[in-house]
Amino acid sequence: MKDKDYINLIISTKLAYFSKIKGFMILRPYGYKIWENIKNILNKMLIKTNHENVYFPLLIPKSLFNIENNYIKSFSKECAIVTHSRLKIKDNKVIIDPSSKLNEELIIRPTSETIIWDTYKEWIQSYRDLPVLINQWSNVVRLEMKNKIFIRNSEFLWQEGHTAHAYKKDAIIEINIIKKIYKNLIKKKLSIPFISGYKTNIEKFSGAKYTYSFESLTKYNGKSIQLATIHFLAKNFSKAFNVMFTNKNGKKKYVWSTSWGISTRLIGAIIMIHSDNKGLILPPKIAPIQVVIIPIINNKNLIYKNKINNIIKKIINNLKKIKIKVKYDNNKYITPGNKFFKYEKMGVPIRITIGKKEIDKNIMEITRRDNFKKYYLNINNFKKKIIKILNKIQKNIYIKAKKNMKKKTFFIDDYNLFKEKIYNNCGFIISHWDKNNKTELKIKEETKATIRCIPNKFKEKGRCIYSGKKSYKRVVFGKSY
RNA sequence: CGGGGUGUAGCGUAGUCUGGAUUAUCGCGCCUGGUUUGGGACCAGGAGAUCAUAAGUUCAAAUCUUGUCACCCCGACCA
């Protein structure tokens, strides 16, 4: 899929639409449903692990950014700022009323750490107030110079978790819980394979002590996409906002904290990782339509028409009983062939076709979107089998994506070969690195490749691909979106 | 924010270089009626465009000039 096809696919399947403002997208029902499904799945997992949802305001007073923390460096160049509160009409034109200038400018949140930590200061007094396990579903605005719909928007929807803990070990436990949850979401629900690991100092969230991230590769151009991040903030924010609690011994201590998030970028990842030349392929677990039923009706034979309709009604009822999201497309003005193409493009995992042939044999024809395999199931006995097929699709697209990721992953120890692979967009290059910031920057300068993450699993002695210095671990290089 | 490209109906486009007879082309889609319906149906009729936007040059602008906006590509920046 080329970039142009990516955009065309999004527009033509009505996932999203461009708004009039640069980098701001309109999520249409089909796209928004995918987000709702992702949200519902993740939300359940977070609630189960004792997290609670809150909502903090969109606007943050500028003064809250006056803190001693590198954090502001991340966003200072991409903030939307509110300066006035009134409009007025002058010469038939709307203008900003100059007299309504705000005493203090308001920043549209690029992320909510500041306002949340400023509030935690008031909420947290005692060890009994801890932990604070809070999550927020919201939008944030970052006026990016370069946009790519879903992947790099100026506004996006996300989930931001902000937790506070009495002890470091509690914060670490929290991070491990979120790691598991994200892993489950990405691998099992979105069928996306990934490599995960720590960010380098240069690549990490600047407010964090360290950042853990999940990275995957697009199917066609081998660019890496960041899927989720988890930050160990240590005491960075509690110190910046003076958030202290009194422990059991009556001593004042700064709290430990974490933050973590996923965003609508995941939808972009799903598109770029699973789609084929016929269109989207949606993982069944998040597909707005899991099964589409297309009747083949011939108007000449009304008996069959009625029979087909009646049987399809029964099938729909049975599918609804097992909570399968089903759509019956009985539009008589569109030919079956047209419908086939339409729903294939939309990535609907399963298509059921029923016509005279099926009715005569008491069966239904089932076609999988992922590999176009056909099954013929008995009309009275199909529920378990449909679920099985949906699960198979869920797994199969993961396996396909994983194979693709493996095909584009190389262990390389020669810098010339490294440069060649990166130049040809070959995906993840796993090489030794001397842990030196300067080396990392030099490599970036020469090849545009960055260190996507440092997984634990590549422990092995070697020599840095660039400097030749000692290395104890391989790291993952790639070109990112 | 720098360099390049694009913007014509819901979508894709012709026309732009070389300004004028263009009633702005064609295909898809849309609407009406009818026949169809097992992999992108057919016939007949119909609607739909201030040619992104603002200003300028000109007797005359989709076409030339300039500004603005959006989108795409390449950089810089950035989760």
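**Domains**

I looked up the domain assignment of chain A first: domain 1 covers 3–61 + 112–274, domain 2 covers 289–392 and domain 3 covers 409–478. These bounds come from an automatic or database domain assignment. I then took the centres of domain 2 and domain 3 over C-alpha atoms, and 50 Å separate them.

**Ground rules**

I am working on a predicted model, in which local features need pLDDT of at least 70, side-chain atom pairs count only at pLDDT 80 or more, and totals for chains, interfaces and linings use all residues. Residues are numbered from 1 along each chain as its sequence is written, chains are lettered from A and ligands numbered from 1 in the order in which they are written, and side-chain values use heavy atoms, with hydrogens and water left out.

**RNA strand B**

RNA strand B is surrounded by 41 residues, and S74, R142, R152, K199 and K448 are the closest. Of the atoms of RNA strand B that come within 4 Å of the protein, 46% belong to sugar and phosphate.

I sorted this surface by residue type and got 20 charged, 13 polar and eight nonpolar residues. Here Asp, Glu, Lys and Arg are charged, Ala, Val, Leu, Ile, Met, Phe, Trp, Tyr, Cys and Pro are nonpolar, and the others, Gly among them, are polar.

I also sorted it by element, with helices (H or I, at least four residues) and strands (E, at least two) being DSSP runs numbered from the N terminus. Helix 9 gives the most, with six residues. The elements that each supply at least two residues include helix 1 (3–12), strand 13 (224–234) and helix 9 (336–345).

A polar side-chain atom of Q226 lies 3.1 Å from a base nitrogen of RNA strand B, and one of N338 lies 3.2 Å from a base nitrogen. E203 uses a backbone N or O atom, 3.4 Å from a base nitrogen.

**Nonpolar core**

I looked for nonpolar cores, that is, sets of buried Ala, Val, Leu, Ile, Met, Phe, Trp, Tyr and Cys residues joined through side-chain atoms within 4.5 Å. Buried means under 20% relative accessible area, with a 1.4 Å probe and protein chains only. The largest core has 59 residues, and I38, F150, Y182 and I271 have the most contacts inside it. Helix 2 gives the most to this core, with eight residues. The core draws at least three residues from each of domain 1 and domain 2.

I then listed contacts (heavy atoms within 4.5 Å). Leaving out residues up to four places away in sequence, Y182 touches, among others, L42, F214 and W260.

**Single residues**

N135 lies in strand 9. I count N135 as buried because its relative accessibility is 0%. Beyond four places in sequence, its contacts include N43, Q159 and W260.

V141 is also in strand 9 (residues 132–141), and V141 is buried because its relative accessibility is 6%. Its contacts beyond four places in sequence include F24, I108 and P110. From V141 to N153 I have twelve residues in sequence and 8.3 Å in space, C-alpha to C-alpha.

S206 lies in the loop between strand 11 (195–198) and strand 12. S206 counts as buried because its relative accessibility is 18%. Beyond four places in sequence, S206 touches N69, N70, Y71 and S74.

Technical notes:
A residue is near a molecule or strand if one of its heavy atoms lies within 4 Å of it. A polar contact is a pair of N or O atoms within 3.5 Å; within protein, one must be able to donate a hydrogen and the other to accept it, and residues adjacent in sequence count only if both atoms are side-chain atoms. Buried means under 20% relative accessible area, exposed over 50%, partly exposed in between (1.4 Å probe, protein chains only).
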